[in-house]
Amino acid sequence: MKYAFATAAVALAAALGGGAAMAQSQTFASPDDAIKFRQATLKELQQNFKVIADMANGRAAFDAAKADSSAARAAELIKQPWVGFGPGTEGGKAQPLVWQEQDKFKAAAARAEEEVGKLAVAAKTGNIDAIKAAVGAAGGSCKACHDDFRRR
Ligand code: ASC
């Protein structure tokens, strides 16, 4: 059995005005591989987000180049985990609601993609106030998805 996962990419992209991508399809050898993949990409995302969030929250000195590179990497990574939540890959910290409420999950993921994308744009400006606002919005989109779809 294969565990491919293709999103309704065309409809979603249209709905979002071309904002979020979510246009990948990928096959994993086993559900466990899919779980490991999504966990690894989300972990690397968290690590990159933390670099710029720490600057925005005054826990680290502002370094514009580092803010830019970490946000750019985060914006790449936010597109990646979703293919790892295909049919038959329940497990890890994911709530069953991910598979029961696919439209809501995809919408929450798309919102996070959009906000982290905006963060990367803000980071390019080097403007700390713009970065602070974008970190708040991106962090909120991470939290919103976790509140509904991740086991505590
Ligand atoms: C993180 C992380 C999240 C978000 C969220 C922001 O660093 O792992 O899930 O920020 O806590 O509210």
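Me: How do the residues lining the largest pocket divide into nonpolar, polar and charged?
Reply: This is a predicted model. In it, the lining of the largest pocket has 14 nonpolar, seven polar and eight charged residues.

Me: What volume does the largest pocket have?
Reply: About 710 Å³. The lining counts 29 residues.

Me: Which of those are closest to the centre of the pocket?
Reply: Leu 42, Lys 43, Cys 142, His 146 and Arg 150.

Me: And which helix gives the most to the lining?
Reply: H6, with eight residues. H2, H5 and H6 each supply at least two.

Me: Take Leu 119. What is it in contact with, leaving aside neighbours within four places in sequence?
Reply: Phe 49, Ile 52, Ala 71, Ile 131, Ala 134, Val 135 and Ala 138.

Me: Now the rings. How many aromatic pairs are there?
Reply: The count comes to six. One of them is Phe 28 with Phe 37.

Me: Why does the Phe 28 and Phe 37 pair count as tilted?
Reply: Because the planes are at 50°, and that falls between the 30 and 60 degree limits. The ring centres are 5.3 Å apart.

Me: Are those two buried or partly exposed?
Reply: One of each. Phe 28 has a relative accessible area of 7%, so it is buried. Phe 37 is at 23%, so it is partly exposed. The cut-off for buried is under 20%.

Me: What about Phe 105 and Phe 149, how are their rings set?
Reply: Edge-to-face. The distance is 5.2 Å centre to centre, with 75° between the planes.

Me: Which helices does that pair tie together?
Reply: Phe 105 lies in H5 and Phe 149 in H6, so the pair ties together parts that are 44 residues apart in sequence.

Me: Buried or exposed, those two?
Reply: Phe 105 is buried, and so is Phe 149.

Technical notes: Residues numbered from 1 in each chain as written. Predicted model: local features only at pLDDT ≥ 70, side-chain atom pairs only at ≥ 80, totals over all residues. Heavy atoms only, no water. Contact = heavy atoms within 4.5 Å. 1 Å grid on protein atoms, 1.4 Å probe; cavity = no way out; pocket = protein on both sides within 12 Å on 5 of 7 lines; lining within 4 Å. Points joined across faces, edges and corners; volume = space filled by probe spheres on them. Helix = DSSP H or I, 4+ residues; strand = E, 2+ residues; numbered from the N terminus. Nonpolar A, V, L, I, M, F, W, Y, C, P; charged D, E, K, R; others polar. Phe/Tyr/Trp six-rings, centres within 6.5 Å; stacked < 30°, edge-to-face > 60°. Buried < 20%, exposed > 50% of the residue type's maximum accessible area, 1.4 Å probe, protein only.
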